[in-house]
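Please keep the sequence and the model in view while reading.

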Amino acid sequence: MSELVLVRPRCNDKCRTMRLQEVLEYALRGRDYRLVERLEDFKGLQNQRIIFAVSQGISGINLEYFRFLKVLRLNHQMLKGAVGGIIVDGESELYTKSIARDFVFTANQCGCTFPGRPLVEGTGSLQNFNIQAMNLETDNMGAYLKASRELVDTVAGFSQKPKERPKILMLHASNFRTSNTVNFWQMTKENLKGCEIEEISLRNGSIQDCAGCPYKMCMHFSRRSNCYYGGVIVEQVYPAVQNCDALVLLCPNYNDAVSANLSAFINRLTALFRKNRFSEKNLFAVIISGYSGGDLVAEQLISGLNMNKSFILPSQFAFLETANDPESILEVENIQEKAREFAKHIMNTLKAVPDEP
């Protein structure tokens, strides 16, 4: 059975860490776990269940944490087979989420899988727990404690359910004739055997973004898996998302962000999410940048779909590459082999077969 590990970069300021200490004592009560506080003990983490816990100061900077992050970025197999969650405790209203999604991206590239909603963040005021506290009939600290306990339970009990013939939904908003992102997907798709693939284009300019309907109105439509704005999102995308085992997004890097129509799709998922959780669906992405910044796009997907909408973030969920001119992706060294490996990784994930070393 996998060991539960608490990775908590040491902070010598006891006053700064008191609240996080209380949270961890509550979340881990009754469980055996190994504590990693020092960099020299940050090893032996493959195939483990890991809670990462970070204390931030008012500046949002924990220097010891960045030493841990550096080790991860230099050891890309360090977390192979691991399952993780992260708790970030801050002293202001800023930086908790930004440091979390940066860390989750790095850990995921090192082989760590993150279940849906793997982040519990405590801002300085804990106002981010206002709604949860009201629903639980407790105070904000009580909601923070409960959320942390639930995260530990989720990480400890997480498992992928194997799919005999996985259903894959691919969404894009690209020009099939000129897109390097599409070119790589076509190479990948050729190697996806034993599955069902549905492709939906969101290039239609009539796709309307979420305009923030009142909560009661959104709930009214969500009960029927519907949305006030209708269109292709409701007619095609909602049923396809409900039916799929994995969502693949083709994300060419547009100004260090996903394209407008893909962003609208993520926002419009809120109405469907109010009634349906996506915690058994995997998220994959193909992210091609003309120059740089693929990590920023990946982190946007992590924040919007894994941390918020509860999609599973399987290990190494995104293929990232740089290719500028049309069809220049075809000139990338070993690109066909990379496509085969990405396809194999998708199928192994969905069929719950461990990737080979």
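## A parallel strand pair and its crossover

Leu 169 has Glu 198 as its bridge partner in strand S7. The two strands concerned, S6 (residues 167-172) and S7 (residues 196-201), run parallel and are paired over 6 bridges, where pairing requires that DSSP finds at least two bridges between two strands. Between S6 and S7 the chain passes through helix H6 (residues 180-189), and this β-α-β crossover is right-handed, a term meaning that, with the strands pointing away from the viewer, the path from the first strand over the helix to the second runs clockwise. Helices (H or I, at least four residues) and strands (E, at least two) are DSSP runs, numbered from the N terminus.

## Basis of the model

This is a predicted model, in which local features need pLDDT of at least 70 and side-chain atom pairs count only at pLDDT 80 or more, while totals for chains, interfaces and linings use all residues. Residues are numbered from 1 along each chain as its sequence is written, and side-chain values use heavy atoms, with hydrogens and water left out.

## Salt bridges between separate elements

A search of the whole structure gives 15 salt bridges, each defined as a side-chain nitrogen of Lys or Arg within 4 Å of a carboxyl oxygen of Asp or Glu. One of them joins Glu 299 to Arg 101, with the closest N and O atoms 3.9 Å apart. Because Glu 299 belongs to helix H10 (residues 294-308) and Arg 101 to helix H3, this pair ties together parts that are 198 residues apart in sequence. Glu 299 is buried, with a relative accessible area of 7%, whereas Arg 101, at 28%, is partly exposed; buried means under 20% relative accessible area, exposed over 50%, and partly exposed in between (1.4 Å probe, protein chains only).

Lys 161 and Glu 280 also meet through their side chains in a salt bridge, at 3.1 Å from N to O. Lys 161 lies in the loop between H5 and S6, and Glu 280 in the loop between helix H9 (260-273) and S9, so that parts 119 residues apart in sequence are tied together. A further salt bridge, at 3.2 Å from N to O, connects the side chains of Glu 321 and Lys 338; Glu 321 sits in strand S10 (residues 318-322) and Lys 338 in helix H11 (residues 335-350), 17 residues apart. Glu 321 counts as buried at 18% relative accessibility, while Lys 338 is partly exposed at 32%. Elsewhere, Arg 38, Glu 40 and Asp 41 are linked in a network of salt bridges.

Ser 289 lies in strand S9 (residues 282-289) and is buried, its relative accessible area being 2%. Its side chain makes a polar contact of 3.1 Å with the side chain of Asn 253, and the side chain of Ser 289 also reaches the backbone nitrogen of Gly 294 at 3.3 Å. A polar contact is a pair of N or O atoms within 3.5 Å; within protein, one must be able to donate a hydrogen and the other to accept it, and residues adjacent in sequence count only if both atoms are side-chain atoms.

## Loop residues with positive phi

Arg 117, although not a glycine, has a positive phi of about 55 degrees; this residue lies in the loop between helix H3 (96-109) and strand S5 (119-122) and, at 43% relative accessibility, counts as partly exposed. Glu 137 likewise has a positive phi of about 55 degrees without being a glycine. Glu 137 is placed in the loop between helix H4 (130-136) and helix H5 (140-157), and its relative accessibility of 76% makes it exposed.
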